[in-house]
Amino acid sequence: MRWRELPETLDPNGRRLVQELRRLKDHSGLTLQMLQAKTPFSGSSWERYLNGKAMPPAAAVEALAGLTDADASPLLALQHAAQESGAATERPRRERVAQTAPQQAPAPSCPPSASCVDLGEGREHDQKQERVHAVALSLVGGALLLSAVVSGWLIADRPNAAGQPPGSTTGVGRYSCVYVRHADLMLAGNSTTVSDLVALNSTGPDVAEVQCLLRRHHLPPGDVDGYFGKRTEAQVKTLQQQDHVSPDGIVGEQTWSLLRHVE
């Protein structure tokens with residue numbers, strides 16, 4: 001078959017690995033459908049691996065080598081070197097993404113030497129300000145009382161994250177999903193990791209990123225709140241089953257690859 005050009009972002013070890021895998025497939029006469037039937041990986045996964053869109057896991061490399069009676073050792077060495085190279089470049093990539101993200105402008109404030117109120121407005125303005133302050137204090141008091149009641153309910157209702165003391169909600173809140181394509185990856189605005197482990201009872205931006213990317217795959221996990229609960233775990237398992245990955249509900253390097261894959 002006629003292969004596509006490999007992405008320029010692919011490092012030399014990854015490029016050599018993909019070229020060797022392509023050669024083995026071509027010489028064996030195996031199709032993507034046959035690879036799906038004979039290995040634990042779907043045809044769409046093999047398409048991504050053989051076109052340099054995703055790094056093939058060691059299990060996939062061994063599977064293709066076994067089907068074609070090839071020595072897996074040099075292929076696994078290339079796969080390991082490519083993974084190491086990808087890990088080494090991940091941190092600079094995160095820094096570039098962070099630097100290009102729009103920065104929120106700071107709220108204006110009064111200089112210490114200036115007054116925020118025009119003293120020339122006179123006594124009428126001062127009286128209006130006093131009435132506004134009285135109403136504001138009343139509203140703030142009511143809001144604080146309501147916040148205390150709601151916070152107590154949320155803390156009692158939300159399971160504790162692993163390793164957190166009772167009543168702690170660290171890392172749990174409201175997150176937004178802002179999808180941006182970066183090279184061959186999809187980012188959702190909360191985290192740029194491609195390897196950090198996230199599992200049941202985890203909290204924080206990495207979890208919110210998983211929840212946003214699940215939504216993009218039409219697997220709604222509920223609220224994007226940064227808490228890895230049972231519903232989020234169930235949708236991760238569904239994604240893993242769809243792509244013939246072991247459905248353990250844990251988001252590691254291979255599952256991050258599925259989540260961030262650009263169609």
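Aspartate 243 and arginine 48 join their side chains in a salt bridge, at 3.0 Å from N to O. Aspartate 243 sits in the loop between α8 and α9, and arginine 48 sits in helix α3, so the pair ties together parts that are 195 residues apart in sequence. A salt bridge here is a side-chain nitrogen of Lys or Arg within 4 Å of a carboxyl oxygen of Asp or Glu. Helices (H or I, at least four residues) and strands (E, at least two) are DSSP runs, numbered from the N terminus.

Some ground rules apply. The model is predicted: local features need pLDDT of at least 70, side-chain atom pairs count only at pLDDT 80 or more, and totals for chains, interfaces and linings use all residues. Residues are numbered from 1 along each chain as its sequence is written, and side-chain values use heavy atoms, with hydrogens and water left out.

Are the two partners buried or exposed? Aspartate 243 counts as buried because its relative accessibility is 10%. Arginine 48 counts as buried at 6%. The cut-offs are these: buried is under 20% relative accessible area, exposed is over 50%, and partly exposed is in between, with a 1.4 Å probe and protein chains only.

How many salt bridges does a search of the whole structure find? The search gives six. Side chains of opposite charge can pair when their charged atoms come close.

Another pair is arginine 174 with aspartate 223, whose closest N and O atoms are 3.8 Å apart. This pair links distant parts of the chain, 49 residues apart: arginine 174 is in the loop between α6 and β1, and aspartate 223 is in the loop between α7 and α8. Arginine 174 counts as exposed, at 69% relative accessibility. Aspartate 223 is partly exposed, at 44%.

Now take arginine 260 and glutamate 209. Their side chains meet in a salt bridge at 2.8 Å, N to O. Arginine 260 belongs to helix α9 and glutamate 209 to helix α7, so this pair ties together parts that are 51 residues apart in sequence. Arginine 260 is buried, with 0% relative accessibility. Glutamate 209 is buried too, with a relative accessible area of 0%. Elsewhere, salt bridges that share partners join Arg4, Glu47 and Lys53 into one network.

That pair leads to the helices. Two packed helices are described by the angle between their axes and the distance between the axes. For α7 and α9, the angle is about 45° and the axes are 9 Å apart. Axes are lines fitted to C-alpha atoms, for helices over the stretch in contact, and angles run from 0 to 180 degrees between N-to-C directions. The two helices are therefore oblique to each other. Angles under 35 degrees count as roughly parallel, over 145 as roughly antiparallel, 65 to 115 as roughly perpendicular, and the rest as oblique. The crossing of α7 and α9 is left-handed, meaning that the near helix is turned anticlockwise from the far one by less than a right angle.

Which residues make this contact? Asp206, Glu209, Val210, Leu213, Leu214 and Arg216 of α7 meet Trp256, Leu259 and Arg260 of α9. Contact means heavy atoms within 4.5 Å. By class, the residues of the contact of α7 with α9 are five nonpolar, no polar and four charged. Ala, Val, Leu, Ile, Met, Phe, Trp, Tyr, Cys and Pro count as nonpolar, Asp, Glu, Lys and Arg as charged, and the others, Gly among them, as polar.

Helix α9 covers residues 253-260, and its buried residues are Thr255, Trp256, Leu258, Leu259 and Arg260. These buried residues pack against α3 (43-50), β2 (185-187), α7 (205-216) and α8 (230-242).

Next, pair α7 with α8. They pack at an angle of about 55°, with axes 11 Å apart. They are therefore oblique to each other, and their crossing is left-handed. On the α7 side, Val210, Gln211 and Leu214 meet Thr232, Gln235, Val236 and Leu239 in α8. This contact has four nonpolar, three polar and no charged residues.

Glutamine 235 of helix α8 is buried, with a relative accessible area of 16%. Leaving aside neighbours within four places in sequence, glutamine 235 is in contact with Leu214, Leu219, Pro220 and Pro221.

Finish at serine 176, in the loop between α6 (122-157) and β1 (180-182). Serine 176 is partly exposed, at 48% relative accessibility. Not counting residues up to four places away in sequence, serine 176 touches Ala188, Asn190 and Cys212.
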